[in-house]
There are 2 protein chains.
Amino acid sequence: MVKRYLQVMTLDEVFALLAREFSCTPSTETVPLESASGRITVRPVFGTYSVPEIHLAAMDGIAVVSAETRGASEQHPVTLNRVARVNTGNVVPPGYDAVIMIEDVWETDGKYTIRKSAGPWQHVRPAGEDLAESEMVMPSHHRIRPHETGALATYGITELEVITVEIGLVPTGSELVAAGTRPAPGQVVESNTVMAQAMLEFTGARCTRYPFVEDKPDLIRDAVKRACQENDIVIVSAGSSAGTKDYTADVIAGLGTLLVHGIATRPGKPAIIGNVDNKPVFGLPGYPLSALTVIRELVMPFLRNYGLFVSEPAIIRAGITSAIPKEIGSDEFVLCTLGRVGNRWTVSPRSKGAGVQMSAVRANAYLRVPRESEGFNAGDLVDARLMVPAEEAENALLITGSHDPVLDHLADLLRPTGVSLISTHRGSMGGIIALKKDECHAAPTHLLSPDGTYNTAYIRKYLPGTATDLICIAGRQQGIVSHDGLSLPDLRGRSFINRQKGSGTRMLLDYELKKAGIDPSSLPGFEREVTTHIAVALAVKSGEADAGMCVYSAAKALGLPFVPVAQERYELAIRREHREDPRIRALIQALQSGEFKEILNRLGGYDTTETGILRSVE
Amino acid sequence: MVKRYLQVMTLDEVFALLAREFSCTPSTETVPLESASGRITVRPVFGTYSVPEIHLAAMDGIAVVSAETRGASEQHPVTLNRVARVNTGNVVPPGYDAVIMIEDVWETDGKYTIRKSAGPWQHVRPAGEDLAESEMVMPSHHRIRPHETGALATYGITELEVITVEIGLVPTGSELVAAGTRPAPGQVVESNTVMAQAMLEFTGARCTRYPFVEDKPDLIRDAVKRACQENDIVIVSAGSSAGTKDYTADVIAGLGTLLVHGIATRPGKPAIIGNVDNKPVFGLPGYPLSALTVIRELVMPFLRNYGLFVSEPAIIRAGITSAIPKEIGSDEFVLCTLGRVGNRWTVSPRSKGAGVQMSAVRANAYLRVPRESEGFNAGDLVDARLMVPAEEAENALLITGSHDPVLDHLADLLRPTGVSLISTHRGSMGGIIALKKDECHAAPTHLLSPDGTYNTAYIRKYLPGTATDLICIAGRQQGIVSHDGLSLPDLRGRSFINRQKGSGTRMLLDYELKKAGIDPSSLPGFEREVTTHIAVALAVKSGEADAGMCVYSAAKALGLPFVPVAQERYELAIRREHREDPRIRALIQALQSGEFKEILNRLGGYDTTETGILRSVE
């Protein structure tokens, strides 16, 4: 009972089909001038009176008849007969054709004397100087900029007819609960229509989110039918795939025509497009990052056909840090971390599953790997599409290496300075390698050498000849997290959740197990690896494993017992050549601040004696 | 009784002073998630539960114990004992640690057979994969992007505390009327606070516009005092200069401390900054473009001190078409028209007086001429700051030359294609010169040669060797506009409003006057020049002149009698090398459309027989 996609179309084919199939007449609404910024005019706007309507003084001074001022000079002052006192903005009385600034006028007994002649129309704002009656102020399809509301007010315009597109959002799925309700096992918070609304309304569309519809074809049909009657476009969230409970395609086929089932993008493949009563109906995949891709790459560009403004992302050309292999045939969209290290822009893919929404929160750029390409090789120069303003990307501080929850707090501490710290978890060794390739600004690391020292030996080995500095984050306790307060010797025979190879925690664990004479094969689950301390603690909390090794703060955050094993030196490695980079300077300043020590003490498990201390590795 | 500015400070000095003087603690407000896009977080946001909280199936299929699948292959299918049917998103029951896709499973009599083994955790979304309980979702001072509302909903966040700045806007001036009231002579529509509100609220600030205050120091004092009590920042519009009715500085000095009176910018010099009860109070100059400059260059950047996000304009390096001379000492801001002609970006200053708000409507960029500079020379490469999205600047179609109201309608016709036509009025000869210098895409022109032909002789003379095409806009009637239906021979002794030298209309007039034997010196006002047809008609309508020469549509728009003098060939000259530019193609298509002829016929005074016809000048 495996259903198949009707057809898989490329994005280009889909847009061509949409253009053929739908006339895309937008709705309109009348908004007061105060709310018109960013909206698009339906028709040209004309002036109904001239501005100014009559000649005005452009300066404080006296209105004069210019012919009567001829010949005035320092040697031959002229006392004027006909004069009218005016301030800026006053009407220049009929018959007068120039204004002389008050600074250039000598008044005695009500008589005005000048020492310089005035040219005709000097310091006069002639009628219609700004706008002439009946003149076009702005054309149709013009996006009103905030500052233009001032001009429009001046021209007597108090409301405007603007373009909108009414979009009905229909969330389907028996498992849905509303945001704010903690989902029971098997339930899911409905977030796709929340996201769709926010993204689409930024373009000037107006969205209606309909009540949740259970996974029953009749109910979905009724909801879609109603939404089609009430909107210009309908978007049905989830049920767009080809599974047993995916009814969207059948419902659309029943109400109208199913045009597309499956688009050649990844993520986003299970998208649907149909025509119900000449209204486009989109079926959105359920996975949030798939839904995000379909909204961004398909629905939003389509809104341009209605005259709405949808901006293109700014592009920065950057070297990619790891390969993205792919097969020919689909456009692939990959969330990334982008930053400028030294003079080089560097971009790292960061997306994992289509359900990991944090990837879209952490990402500041994305890549489009074109359909006809077999992917990118590490080091290729690629077009990174910005998801943040250019100045925010400029200020990205890339931290790659060993993970610790305190890095998020460091990001929080730095944010008011304008620096946006983005951390990628690749373990200490991953960080050292990234630093070696100059693909990050700083690498958090805690690598123990057999002689008991931390970090320096690895820096010397992997970055020979590169002047490197180490800044101490803290002395950090690593220990065993469990439900039962287990210590290292208690681990034998207990199921275990491990950290990935190359992480400092893993190396420390291997070292301590060996020292204690415990064979890793006596720990069931030892091969299962996760990449963060909190993931270790969580696996323990959920009962998936009896124990794991992590930092104290992670155990504390989840309320689990923690038995210390060792204190290690957790440091940030940076290349000395970047020391004067303002982002690095801000980073060091934050690490050396009293506020940062307070955070460490509050989180617990950190020895702050050496926090902020800088040492050089030669 | 001439008051002086207290001191004139540079922008840099002003920002340093503001940073010293004010602590800039923002206000906060709680907004529902649906309205959080674009707002800035006050504090970090943490997850309160893990997502997912429990292992979920990532595929439709069967949950299995991975160890029991070992050894399964095409040759050795394995029939499983322990199996649970799961759909995507279902809970993986305890004890199971992998999911096999339904496509890879053969079911017979309730027994499931597989032909491939499953690795541990295959197709399983482990608990906490997206977000772990207590993990930081986003730091403080983070600008929420529309797509992030989806993630926030998933994490159970339904409202957020965000930064705002409460700004009180106090409009002063006895001459003010509200937008929508047609101003009587001497009255002015209050537009500065309308504009300020729209510009400032785009950053997340919240503005209150207070009622108009008459030019009476006591009333202004009461209004400013109240606004200071109710807001974080107060902006007083107008009265900031040093004239007899400029009370803002004295009022601020009376309520607190006057810190700055006069900043070294142009426009915008008469700005004021004061401190009233530790609240910054800004005095805004009355002229709209001065006010715009002070808001954009002073107030908006200052809002960054409160944590609001204010973006920097994007910059395009462009060749400037005419010099901007200036004296050292002030930063000068000049509104401009920017476009790409061929492969070269070109930028033309367009601002006139500080009261001409249409300059800010027509401009798509502005220049900052630095304080220490003596200005720009024609041809200099300068930084043009964009006032429109980059893609709109890319699509700017620059039209320079002879003005006609129909050009605005052409702009309206082109806008839905994405092309934004920007016309600059410099007369036919000005257009030919701009075309010669490759500083515009097309030059509207109607230049009569003694042999009675139009345009070709001038093109040959001024663009020798440059292949040029002429596209006919229309045969156009020029004639005498007056209150009394005057014809050319009636003009003697009547006051006249003229067009500028170099304009085709002026050349035609000179030609026709000579033919009729009328001496220009017999026309009082002949030396007064305006640059558009509508300005001519307006001068007549306002009684400033008895007559002038213009096109029929301008006279008709103002309801004035029109007596034809001649029909001329009004054409657009373009360089052939640009013919394949998509903007030029769209332009030609619009000129050749039926819609355009309809517009010409509706406006009247145009012979459309040859409209859209293209001829080449070799």
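Two strands count as paired if DSSP finds at least two bridges between them, and strands themselves are DSSP runs (E, at least two residues), just as helices are runs of H or I with at least four, all numbered from the N terminus. Everything below comes from a predicted model, where local features need pLDDT of at least 70, side-chain atom pairs count only at pLDDT 80 or more, and totals for chains, interfaces and linings use all residues. Residues are numbered from 1 along each chain as its sequence is written, while chains are lettered from A and ligands numbered from 1 in the order in which they are written.

View 1. Zoom in on β8(B) and β9 (111-114) of chain B: they run antiparallel and are joined by four bridges. Look for B:Trp106, which sits opposite B:Thr113 in β9(B).

**View 2. Strand β36 (562-575) of chain B is mostly covered.** Of its 14 residues, 10 are buried (a residue is buried if 20 or more other C-beta atoms, placed from the backbone, lie within 10 Å of its own, exposed if 12 or fewer, and partly exposed in between). Strand β32 (468-482) of chain B runs antiparallel to β36(B), with 13 bridges joining them. Here B:Gln477 has B:Gln567 as its bridge partner. Strand β31 (443-445) of chain B also pairs with β36(B) in the antiparallel sense, over three bridges, and B:Thr445 stands opposite B:Glu571.

**View 3. Chains A and B meet through the same surface, because 100% of the interface residues of chain A are also interface residues in chain B.** On each side, 94 residues are in contact with 94 of the other chain (C-beta atoms, placed from the backbone, within 7 Å). Among the elements of chain A that each supply at least two residues are α6 (288-303) and α13 (533-541).

**View 4. A rotation of 180 degrees, with 0.0 Å of shift along its axis, superposes chain A on chain B (RMSD 0.0 Å).** That is the relation of a two-fold axis. In chain A, the C-alpha nearest the axis belongs to A:Ala314, 5.2 Å away. The superposition is by least squares on C-alpha atoms of residues with pLDDT of at least 70 in both copies.

Technical notes. Two residues are in contact if their C-beta atoms, placed from the backbone, lie within 7 Å.
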